[in-house]
Amino acid sequence: FAYSTSVNGPSANVHGVELAWQHVFADTGFGFQANATFVGTDKPYDPSNITTSGFAVTGLANSANVVGFYDKHGFQARIAVNWRDEYLDHFGQTQNVSQFGTEPTIVDASTNVDFSTSYDINRNLSVFLEGLNLTNQTLTTHGRYADQVLDLYDYGQRWTLGVRYHY
């Protein structure tokens, strides 16, 4: 028979700071929001060290977001720029339907630009338009080295036009 169980791995400390700022320009309806997150660990993943047993804190990445907006007289509009640095997603790769259990999968840095706007026709009815990924950013992953491309996802732009009714 076979028996398997979960075992806790080595420990690591994660440290970071998040900075945020929001400002509205008097009574103009214009404003902005900005935030940045900086994270790190005392046990970062080193892809050049092939003796590493596969331990690292996954998902850690610096990120930043800036949003410009207008909101006045029933009209709202916002444009957002979102950036996330490269990060270790997980250990394990699937290539040609084969599993490579200890090899890393790293998500490349990306910047996305999104837009949304809406207009309140009355208290109950509004129309909206939303555009995601306006710059056609692709999501890519790589293995231990940057030139070992694993995946490339090209989602393209996504647009939504709609009507909302609240009763």
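Predicted model: local features only at pLDDT ≥ 70, side-chain atom pairs only at ≥ 80, totals over all residues.
Where does S63 sit along the chain? The residue belongs to strand 3, which covers residues 63–72. With a relative accessibility of 18%, S63 counts as buried, because the cut-off for that word is under 20%. For a sense of distance, A12 and S63 are separated by 51 residues in sequence, and their C-alpha atoms lie 21 Å apart in space.

Let me turn now to the surface, where F75, Y119, I121, V127 and V163 make up a nonpolar patch whose accessible area, taken together, is about 430 Å². One of these residues, Y119, is found in strand 7, residues 110–120, and its relative accessible area of 39% makes Y119 partly exposed.

Finally, the whole chain. How many helices and strands does the protein chain have? There are 0 helices and 11 strands. The radius of gyration of the protein chain is 22 Å, well over the 15 Å that the globule rule gives for 167 residues, so the chain is more spread out than a compact globule. Along the principal axes, the C-alpha atoms fill a box of roughly 65 × 35 × 35 Å. Of the 167 residues, 26% are buried, while the accessible surface of the protein chain comes to about 11,500 Å², with 55% of that belonging to carbon and sulfur atoms. Among contacts with a separation of 6 or more, 56% are between residues 24 or more positions apart.

Conventions:
Residues numbered from 1 in each chain as written. Heavy atoms only, no water. Helix = DSSP H or I, 4+ residues; strand = E, 2+ residues; numbered from the N terminus. Buried < 20%, exposed > 50% of the residue type's maximum accessible area, 1.4 Å probe, protein only. Patch = residues over 30% accessible without salt bridge, like charges linked within 9 Å, V, L, I, M, F, W, Y side chains within 5 Å. Areas by Shrake-Rupley, 256 points an atom, 1.4 Å probe, with all protein chains shown as cover. Salt bridge = Lys/Arg side-chain N within 4 Å of Asp/Glu carboxyl O. Rg over C-alpha atoms; globule rule 2.2 N^0.38 Å. Contact = heavy atoms within 4.5 Å.
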